[in-house]
Amino acid sequence: MSLRALWIISHEKGENASVRFSRRFATVEHRYKSLAGSSYVSVPEDSNFLQLLLTELGLSRSNKNFVAARDDCLYRPRSPAVELCLDGKKTLWPVLALSQGPLILACLPLVDIPSESRPPLASLLSVSQGLTLLAGLQAFLFSSGGKLDNEGLVARVAALPSLLLQICPLGTPLDIPLVGTPATPTVPTSAVNQKQPAWKTGLHRGRPTVNVAVVETVRSMQFGDQSRQDLWDVYGTVTCKCEVEGVLPNVTVTLSLPHNGSPLQDILVHPCVTSLDLSILTASSLDNADGSAFSGPYKFPFSPPLEPFRLCSYTSQVPVPPILGSYQLKEEENSLRVNVSLKLHESVKNSFEFCEALLPFFNRNQMGNVDVKVSSGQVDVTKEKNRLIWALGQKFPKSREVTLEGKITFSGSSQGPSDPLCTGLTAYIELHLKVPDTTLSGCSVDQHSVQVYSSAKPKIITSRELQSKDYFIWNSTGPAPMSSGQMMT
Amino acid sequence: ELTLILKVFLALVLLTLSGSLQVLLLVPLCEHPFLLCSSESAGEETALDLMSVFLQCPPRSQQFRCHLLVALTSVLICSSCAGSRSRASLDFLDLLLQVAQDTSDHHGDSSPLCLRNTAAECLREMEASCPGLLSQRLELLGGLRQQETSRLHQAYAGLQVLVLRNAVLHLTKESGAGAAQLKALLGGPSCADQDVFQMDANDPAVQASLVLGPMGRVPTLPTGPDCKELRSILSSLLEESYLLSPLCQAALLHRLIEVVAMAPGIPPAIFRAQLLRLLGTNQVALLHVTLLMKCAFTDSLFSAEDEAFLLKRLLVLSQHPVLSASERLFYMDCILHFPENRPISCGDSDEALPVLLTPQLASILLPTVLNDSATLLARLHLQALVFLEDGEEEGGGGLAYIYDLLGALLHMVDRGGSRDLVVTFFRAAFLFLLYFHHVERYSARLSQQLCQLYLQHPLLAPHILNLADRTQDHLPESDWAVGLLQGLQRAITGAPGGQLTLPDLSCHLKVLSRAAEEGNISPCSTLRFLSAVFTSSLLCSGSNWCLGNGVLGVCRRVLLHPSLDSLFGPLADVLLHLACNYGDSDIQDHARLYFSLLTTLSREKLSAVLQGAAEGQVKKRALSCVMAESEGLTNALSVHQTDRAVLRLTEAGPGPLQEPLFEQLFSIRLHFRLTDHHYHPLPDASVPLLHRQRPPPELTLTLQPRRPHPTTIRVAAIFTAKDGLTWHSDMPDLHVAFQQTFLPLPVPSTWSRASRVAVFEALWEEAESEAGVWAVSLFCCQLGEAHLKALLQTHFLPFLLSDSSLEDGFRVLWFLPPRSHVLLKISREDDATLFKMATDDRQLLPHINDYLLEVTSTAAIRQLGSEPEHRS
């Protein structure tokens, strides 16, 4: 349940890589020595480790060539735990590595099962502990808002020793760093009889406020082809920010569905939820939803931490995608004839924060003449001249259908971007949209259903939102990449 | 006992005023106590020093005090002081307990909390590394946890449960221990018959996880149903587990699982109240510990419905959109090691599908080209297992789906995918073949498609050959790899040769050479291809050495081919052409050699010669031979490092080497590195051969001093071993002693003794008159007459100018190159022996003194004869 070492590495696309921070946990190493006996493999020096890890992750200079130790076709599960080949026949395993942007976070969990052969990853609790700690540290290092500049990184790395003293002083991870500080000042606990949760750093004082936001994300793959079934799915997350007095205040949030709504499935809850009903958990996307399935209300009693948190997340099988599209390309000499239509389903609120369609073109020259007409919205060509942006504005017209027609010539002087997937007539439209105050599943939190056990009257704010991610409409005149879901019946 | 570096370190820690610098200084002690405190006594002393720093440290520097506790813990555990219950470690334990219990809030801020938290964590680590250390304090720790209302109860809970677990584990190993002993243990130290536990911390079983699953055997404690006390402790810990951070909760539950598994008196149902909360969690560590719980208790806690539910849950989590990629991959791994209530296989590292996993359920994890490579391969692996189980090869949609996926990947590779994509495709292809190579309609098509792909992208040769090799290794009964190689050969030799480029050709040669290794593939077309290539512009007057080697490599394999007899003519043509027309003489020579081998030797001899060369050591010596074998390049061309010194330079006769790594060494190149500037650099030296059975060769090293001081020279050797590999080995340091710099008076040998003495006297006079240049000193010791004689005989003879004592003593003169002199007058006065000395280099005085001390020391004299009386 402990880690032997921890590394934080920065790099710029594999160049200028350096170990920004590393920590070896000597007492855990001491234990590992006696556990491993003759199969003990020591932790390599930082520089050596860096080189090995970069090679394994395909980030080192020899990226292009075939490296037998890395590129062998023999399958061994490489992720989330990679294996690094040290000198001779020794290997370092299991190295957990999380890579995001210019940072790689890695740790080496303790293998506490003495065994001749390598124990399965699933039998080592230290692996899931390590994954959790790395993800927490990653969130901490990136907490300035996604972008990471060098100064920000230096400041955060400098804070690590005192942070680790709190959350992992001797190699056993106790907690993950707090990201997102409480909005209101808190007071430390004084003499109270109730035990304070370890995940709560202080107590809130002031008027109770509960903020619950439901955000649903819709993904889709549309092929416009009779033989291939279009795919879409919806998942939602419920985020809460609670400012409530007391050591362990009770709050209950209830999600409800409209009368004919499809049930929420695959529900995951935050550890602060105190109890769960079995019927909430059993709805799974693996089962064919029938009318008898439990469809709410979904009650989540919990005692909130001070910082904002994700109370629960779910998936839902909605009967139709919000926008049904068709995309047709016809190759003409050095140009493409384009035909697009998008239809907004009648059940979806016609009031967007934004809605735009991106039409990228790969493996071709830059665009020359673009002659397209749209029935609504406005079309721009990006500066790089390799894609169209069709901004549809806040509303679809009354017919709820928009079209784009025209011809694009690829007569530009230089080559546009390349992509191994989108060759020939394989092309897609990507939709980006956000619709405030709606959800596809119909899931909502009624203000009056939020219960707070508090002496003062709480202020309750609830909101809903629908957004898209990976919403693709493939050209139906070209081969679309295969996707799951259409073969099993 | 403390090393100097450690002393300096501790002094710095004490002196440094700035808190952050002090904390930084502690980092090496925390991270590398093995290096700094390698012995128990060093650890003990360091710990005592650090503890006194801790006590002197003002309470307001909390951070530093916390770091000090961590450093102390690391030092005591890693230097084995804690394991042997040393005085310092017991003192430290008391200190920790005192800090942990100190609830007085000194400054009204939250920092004492931090210190107490760290102390509790240090106690937990001490107990983890020395199981049983705190067993006697169980009641105290339980009380601490229960009374604590601040967040600290988390640290105490982790500590208490670990001590409890270790104590129960200890009882299971005691013969006759049962409910009464357990009760006594939980009741505290009052019980007289309880000794301090001394569990063997070196017994790995004590520290290893006890969650072994139904096939493992956990030691149990026969308590009967009466263990109320234990049950109430466990219930209270479980009840409060909700208040812990998810990481601590998971760790606590893991320990509790171990305790319940050891105590049959406690039903696993004690966990039931927590289960729903755990099954619904979004925390990977909590769900993981639930799986471990299932592994430990199987159907005594999880019903068949629970099992089905958990499996579905894992499937859902393996692709849940809100989880991270690594979490999803981890859950997928958990599916392949699903803890079943009634497992069929018992191998603990074998991957097996859960019985309940149907193709229908698994279809949620079908791979697509839009997956990242790790996910794609993991899903492909899972599906392959599912389809195999389901008898899909009879013809079902599943296999067709996977094959389509392979096709789509291949298409992307064909369109110039990234390295990652290429590797992913070949891994996917290997996985497919591993499970479905016997499904002819797919494996044959794959082979065809690979050949087409290769023709478009010859640079994929290493990947394709790797795939062929791996399938051959793992599927010895399948001839798929041979089919692929044959297809590749056909594709290469059948393609129009007009537009061949150099890089393509060298890839082709690699593939053809590999194909020629297969006895079932006739190299006829290969040879035709080679002759055709020669007539093209590329090779006819080529002088590219690498390319020539590529061709030679193919020829070499053909020479070993079973159907060589029928290939005689075409092969001879190719070799002759190379020998006569190729633009590189090395290639010509080799071609000529192969040609004469081919034309003069019988088949048996030919293969014996070539095979012998391939297996023996001869071939790897020369680079061109290495090239001919091209694959083992890196191994043969890189320098290998020995773990320890395998040879050493000795002054006198050789001492025995450690167990020999090598029998013979060749072309040994010795490299010398000076550690100071007293000598001119030494050139590298060569020794042609070192054989264990023969006397070691003598090597003369000529040292040229700048200043005649003692020195140490680092020595390293690069040599070739019998197996043809090149090795680098550090050798023991070479020490040059002060006396090794002495030379006799540099005058012609014809000079008489009297003239030499005259020179001495003249110099002595100069020394006494010119005190600025010369330094004069005196060394005296108690040395008997006989001893002095012996001393002169042993050490001073070459430098002695007078064989009998003049009235004021013996004359000794050392010349120390390049330009220093030391003059000694050695005489006896009363019972003391006086060494009057004069030197024109006063920096030599300390060395002279050391040297004289050494040769007149008790031990040295004992070697000469008997004890000296006294030295001053």
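Predicted model: local features only at pLDDT ≥ 70, side-chain atom pairs only at ≥ 80, totals over all residues.
On the chain A side, 106 residues take part in the contact, and they touch 118 residues of chain B.

What about charge pairing? Six salt bridges turn up across the interface of chain A and chain B. Polar contacts between chain A and chain B come to 33 residue pairs, counting pairs with both residues at pLDDT 80 or more. Helix 1 of chain A, residues 26-36, gives the most to the side of chain A that touches chain B, putting in nine residues. Sorted by class, that side of chain A has 51 nonpolar, 36 polar and 19 charged residues.

## Chain A on its own

Chain A has 489 residues, and 54% of them count as buried. Its secondary structure comes to seven helices and 24 strands. Along the principal axes, the C-alpha atoms of chain A fill a box of roughly 70 × 65 × 50 Å.

Now for sequence separation. Take the contacts in chain A between residues at least 6 apart in sequence: 73% of these join residues at least 24 apart.

## Domains 2 and 3 of chain A

Four residues of domain 2 of chain A are in contact with six residues of domain 3 of chain A. Together these two domains of chain A bury about 390 Å², with 47% of it on carbon and sulfur atoms.

One salt bridge is counted between domain 2 and domain 3 of chain A. Lys434(A) and Glu465(A) form a salt bridge, and their closest N and O atoms are 3.7 Å apart. Two residue pairs are in polar contact across the interface of domain 2 and domain 3 of chain A, both partners at pLDDT 80 or more. The side of domain 2 of chain A that touches domain 3 of chain A has no nonpolar residues, one polar residue and three charged ones.

## Chain B and its domains

Over in chain B there are 36 helices and nine strands. Of the 872 residues of chain B, 53% count as buried. For contacts in chain B between residues at least 6 apart in sequence, 67% join residues at least 24 apart.

Chain B is divided into domain 1 (1-191 + 205-276 + 285-292), domain 2 (277-284 + 293-341), domain 3 (639-647 + 662-696 + 704-736) and domain 4 (739-865).

## Domains 3 and 4 of chain B

Domain 3 and domain 4 of chain B have C-alpha centres 35 Å apart. Nine residues from domain 3 of chain B and ten from domain 4 of chain B make up the contact. These two domains of chain B bury about 700 Å² between them, 63% of it on carbon and sulfur atoms. Pro705(B), Pro708(B) and His709(B) supply 64% of the area that domain 3 of chain B buries against domain 4 of chain B, more than any other three residues.

How many salt bridges cross the interface of domain 3 and domain 4 of chain B? The rule finds zero. One residue pair is in polar contact there, with both residues at pLDDT 80 or more. By class, the side of domain 3 of chain B that touches domain 4 of chain B has five nonpolar, two polar and two charged residues.

Arg557(B) is part of helix 27 of chain B, which runs over residues 545-559. Is this arginine buried or exposed? Arg557(B) counts as buried because its relative accessible area is 15%, and the cut-off is under 20%. The Arg557(B) side chain also makes a polar contact, at 3.2 Å, with the side chain of Ser513(B).

Note on methods: Residues numbered from 1 in each chain as written. Chains lettered and ligands numbered in written order. Heavy atoms only, no water. Domains from an automatic or database assignment. Contact = heavy atoms within 4.5 Å. Buried area = accessible area lost by both parts, 1.4 Å probe. Salt bridge = Lys/Arg side-chain N within 4 Å of Asp/Glu carboxyl O. Polar contact = N/O pair within 3.5 Å; in protein donor to acceptor, adjacent residues only side chain to side chain. Nonpolar A, V, L, I, M, F, W, Y, C, P; charged D, E, K, R; others polar. Helix = DSSP H or I, 4+ residues; strand = E, 2+ residues; numbered from the N terminus. Buried < 20%, exposed > 50% of the residue type's maximum accessible area, 1.4 Å probe, protein only.
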